[in-house]
Amino acid sequence: MKRVLCISIAINVVCSLVYCATSYADNYQQSLDSALFHSDPTKDPTADEDIVLVAEERQKNTQLRISRTDQIPRDRLKAETAAYLEGYIQAMIDANYYEFRVIVSVDKDKNVMLFNLPNDELLKHSIIAFVSDLPDVGEVREGKIDKEIQTRIDEKEPIRRVKGVWFPESTVLFQPLIANPREPVYSIAYRWGDNVIANQEIAISLGDVFPLFRWFSVFHWRGDLQLDIAACMWANFDMDPEYHPRDEWAELVTSDYLLSIPLSYAVGKWAYRLRVYHISSHLGDEFIVNRTVVNRINVSFEALDFFASYQATDGLRVYLGPGFVLHSDNAYPMKVFYGEYGLEWRFSGLRYHYHRLYGTPFFAVDVQQWQACHYRPSVTAQLGYEWSKLQGAGRKVRLFAEYHNGNSEGQFFKDHTQYIAARLSWGF
C-alpha cells in the first residue's frame with residue numbers, strides 16, 4: 001500500500017512539472033492574443049506594432065524561441081552598419097563564451113558567419129542559438145576559415161593564440177551524468193520507501209566541479225582538453241527514526257565524501273572523461289549514539305574510471321564506461337571491476353522571454369553494475385524539468401522525480417534497496 005502511495009505521489013509531482021511548464025507558455029500566448037485584440041487608445045500606437053512583431057516571430061517558430069527584444073529595442077541593430085553589428089556580436093560572444101575564441105563576420109545583408117567554433121557539437125549549437133536570438137540579424141551559420149579570416153585571427157595574436165585558459169566558466173567539456181547518484185551537485189530531496197536507510201528521509205548533497213584549465217586544439221582531432229577538480233558530500237537523514245530518546249525528529253544515518261580529479265576531452269559529438277577519485281563513508285553520530293550495538297565499518301576506496309559520451313541528436317545523449325577499484329580498506333573490501341551506462345533525453349525546449357532563461361523537460365536513466373554486488377543492476381531514473389542561462393551549456397537548475405532500484409549508500413552499499421524521491425538540484 002505504501003509503495004502504491006509513493007508511486008502516486010511521484011506521478012503527481014511529474015504531472016505538476018509538466019502542467020507548470022505548459023501553463024507558462026499558454027498564459028504567455030493568452031496575454032499576447034488579448035493584447036492583439038484589445039488595444040488601449042490612450043497608449044502609444046507603436047506599442048501595438050511591437051506586439052504584432054512579437055506575434056509574427058512566435059508564428060515563425062513553434063518552439064516559442066523569443067528573441068532578445070526584452071534587452072534590445074526594435075530596429076536598434078537594424079539601423080546600424082554591418083561593421084557595428086559585427087563588433088556588437090563579437091563583444092556578446094566574448095562576454096559569454098570568451099574561452100572558445102570565436103570570430104564573427106557580418107555581411108551587408110546582416111547575415112552572420114561564425115568562425116573557429118568549438119569542435120564540441122553541443123557547445124557549437126549553443127553559440128549559434130545564442131546569436132540567432134538577437135533581433136535584426138539574418139542567417140547565422142558556421143563559416144570556413146580563409147586567408148582573410150586567418151589574418152584577423154593573426155591580428156589578435158596576444159589573445160587568440162593562447163594555448164589555453166585558466167578557470168573556464170561557461171561549462172565543462174564532459175557534461176555530468178545527471179542520473180548518477182554520486183555525481184557532484186548541490187541538491188536536496190525527500191525520499192520515500194527506502195528499506196535500508198530510512199522509510200522517509202531527506203537526502204542532501206553539497207558539491208561542485210571546479211574547472212581549472214582548458215587546452216585548445218589538442219591532439220590530431222583538434223579537440224579541447226580540460227582539467228577539473230570535483231568534490232561532494234552526501235548526507236541522509238531519517239525523518240522518522242525508530243530510536244529518538246530526546247524526541248529527535250531527524251537522525252543523521254550516513255554521510256559520504258568524494259574528491260576526484262577528472263580530465264575531459266571533447267570533439268564533435270564525442271566527449272570523454274578519465275577520472276581518479278577517492279570516496280569514504282561515515283555513520284552519523286546520532287545513529288551510533290541511539291543504538292546499543294552498531295557495527296561501524298570503515299568504507300574507503302580509490303578508483304579510476306573512463307567514460308565515453310555521444311550526443312546522438314540535439315536532445316539525445318548516450319554514454320558508457322568501465323571503472324576499476326584501485327584500493328579499498330580491509331574492513332570493507334571492494335572487488336575490482338564495475339561498469340556504468342545510460343542515456344539522457346531532452347525535448348520540447350523553450351526560451352522564457354520574461355525571465356531570459358532556456359527551459360526543457362528531460363528524462364535520464366543511469367545503470368551501474370559492480371562486481372562487489374555480483375553485477376546486480378542498480379538503476380536510477382529521473383523525469384523532470386531544467387532551466388539554464390545558456391542553451392545546452394552552463395549550470396542548470398533541475399526539478400524532477402526520481403526512482404532508484406539497486407545499491408544502497410555508505411557502508412550499506414552492497415545491500416539492495418528501492419525508493420522514489422522528489423529532488424531539486426543546482427549544478428552543471
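Colleague: What does a side-chain oxygen of Asp 120 reach at the start of α4?

Modeller: The idea to start from is the polar contact: a pair of N or O atoms within 3.5 Å, where, within protein, one must be able to donate a hydrogen and the other to accept it, and residues adjacent in sequence count only if both atoms are side-chain atoms. Here the Asp 120 oxygen comes to within 3.1 Å of the backbone nitrogen of Leu 122. Keep in mind that this is a predicted model, in which local features need pLDDT of at least 70 and side-chain atom pairs count only at pLDDT 80 or more, while totals for chains, interfaces and linings use all residues. Residues are numbered from 1 along each chain as its sequence is written, and side-chain values use heavy atoms, with hydrogens and water left out.

Colleague: How many residues does helix α4 have, and how far does α4 reach?

Modeller: Helices (H or I, at least four residues) and strands (E, at least two) are DSSP runs, numbered from the N terminus. Helix α4 runs over residues 121–132, which makes twelve residues. From first C-alpha to last, α4 spans 16 Å, close to the 16 Å expected at 1.5 Å a residue (the expected span is 1.5 Å times one less than the number of residues). The whole chain has seven helices and 17 strands.

Colleague: Is α4 mostly covered or mostly open?

Modeller: Mostly covered: ten of the twelve residues in α4 are buried, where buried means under 20% relative accessible area, exposed over 50%, and partly exposed in between (1.4 Å probe, protein chains only). Among the buried ones are Leu 122, Leu 123, Ile 127, Ile 128 and Phe 130. Their cover includes helix α3 and strands β2, β3, β14, β15 and β16. In the chain as a whole, 49% of the 428 residues are buried.

Colleague: Why does Lys 124 count as buried?

Modeller: Lys 124 counts as buried because its relative accessibility is 12%. This residue sits in helix α4 and touches Leu 117, Pro 118 and Glu 142, not counting residues up to four places away in sequence. Touching here is contact, meaning heavy atoms within 4.5 Å.

Colleague: Which residue does the side chain of Thr 417 join in a polar contact?

Modeller: Asp 194, at 2.7 Å between the two side chains. Thr 417 lies in strand β17 and is buried, with a relative accessible area of 1%. Leaving out residues up to four places away in sequence, the neighbours that Thr 417 touches include Asn 195, Val 196, His 404 and Asn 407.

Colleague: How many cavities of 30 Å³ or more does the structure hold?

Modeller: Six. On a 1 Å grid over the protein atoms alone, a cavity is a set of points where a 1.4 Å probe fits but cannot get out, and lining residues have an atom within 4 Å of a point. Grid points are joined across faces, edges and corners, and a volume is the space filled by probe spheres set on the points. The largest cavity holds about 430 Å³. Its lining has 28 residues, with Arg 182, Ile 279, Gln 368, Trp 370 and Phe 413 nearest the centre. Strand β9 gives the most to that lining, five residues.

Colleague: How much space lies in the second largest cavity?

Modeller: About 320 Å³. The second largest cavity is lined by 30 residues, and Ile 178, Asn 180, Pro 181, Glu 183 and Val 185 lie nearest its centre. Strand β6 supplies the largest share of that lining, five residues.

Definitions and conventions:
1 Å grid on protein atoms, 1.4 Å probe; cavity = no way out; pocket = protein on both sides within 12 Å on 5 of 7 lines; lining within 4 Å.
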